[in-house]
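Subject: Handover of a structure, with notes

Dear colleague,

Please read them with the model open beside you.

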Amino acid sequence: MKRLLLLALFAAALWYGWKHWGELVSKRSGHEAVVENASGRELTRVRLSVGGQTFVKESIPDGERAVFPFRVDSDATFELVWRFADASSEQSWSGGMVPRGPMLQRHVMTVDGDGAVLYRPENK
C-alpha cells in the first residue's frame, strides 16, 4: 500500500512538472520602484508600500536613489513615507498606479526640496 501511495505521489509530481515546466525554470521579471532624493537634504526612515509589500531604506543621501524590485498580483498604488534628516515630522505621499500586467514598468518617485513628490512611470 505504501508503494502504491509513493508511486501516485511521484506520478503527480511528474505530471505537475510537465505541465508547469516553463514557470519552474524561467525567472519572471517584475516592476521596479525608484526613490530619488533631489531635496538638498538627507532622507531618513524611508518606507515604500505597494501591493501589500513594504520596503525600507534607513537613509537616502541627497542626489542618491534607492531601487526596489517588486511584483504585484493586482493593480496597486504607492504610499511613500519619509523624514528629512533635520526635521522630526514625517512627510508622506500616495499615488501612482501599478498595473498587474503584462506590461512591466519602472516607477520613479523624486522627492524635491519642498517635500513634494514628482512621479513618472517608464516602460521597462
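A salt bridge, as the term is used here, is a side-chain nitrogen of Lys or Arg within 4 Å of a carboxyl oxygen of Asp or Glu. By that criterion, a search of the whole structure finds five salt bridges.

Before the details, some conventions. This is a predicted model, in which local features need pLDDT of at least 70 and side-chain atom pairs count only at pLDDT 80 or more, whereas totals for chains, interfaces and linings use all residues. Residues are numbered from 1 along each chain as its sequence is written, and side-chain values use heavy atoms, with hydrogens and water left out.

Helices (H or I, at least four residues) and strands (E, at least two) are DSSP runs, numbered from the N terminus, and two strands are said to pair if DSSP finds at least two bridges between them. Buried means under 20% relative accessible area, exposed over 50%, and partly exposed in between, with a 1.4 Å probe and protein chains only.

Arg47 lies in strand S2 and Glu90 in strand S6, so the pair ties together parts that are 43 residues apart in sequence. Both partners are partly exposed, Arg47 with a relative accessible area of 31% and Glu90 with one of 40%.

Strand S1 (residues 31–38) is mostly covered, since six of its eight residues are buried. S1 is joined to strand S4 (residues 65–70) by six bridges, and the two run antiparallel, with His31 opposite Phe70 in S4. S1 is also joined to S7, here by seven bridges and in the parallel sense; across this pairing, Val35 stands opposite Met109 and Glu36 opposite Thr110.

S7 is largely enclosed by the rest of the structure, because six of its eight residues are buried. S7 and S8 pair in the antiparallel sense over seven bridges, and Val111 stands opposite Val117 in S8. The hairpin of S7 and S8 has four residues between the strands, and in this hairpin Gly115 takes a positive phi near 85 degrees.

The salt-bridge network

The side chains of Arg106 and Glu122 meet in a salt bridge of 3.7 Å, N to O. Arg106 lies in strand S7 (residues 105–112) and Glu122 in strand S8 (residues 117–123), so this pair ties together parts that are 16 residues apart in sequence. Arg106 counts as partly exposed at 26% relative accessibility, and Glu122 does so at 28%. Glu122 also meets Arg120 in a salt bridge, at 3.2 Å, N to O, and Arg120 is partly exposed at 37% relative accessibility. Through shared partners, salt bridges join Glu32, Arg106, Arg120 and Glu122 into one network.

The surface patch

Patches are made of residues with over 30% relative accessible area and no salt bridge, like charges being joined within 9 Å and nonpolar side chains (Val, Leu, Ile, Met, Phe, Trp, Tyr) within 5 Å; accessible areas come from the Shrake-Rupley method with a 1.4 Å probe, and for residues only the protein chains shown count as cover. Met1, Leu4 and Leu7 form a nonpolar patch of this kind on the surface, with about 420 Å² of accessible area together. Met1 lies in the segment before helix H1 (2–19) and is exposed, with a relative accessible area of 84%.

With best regards
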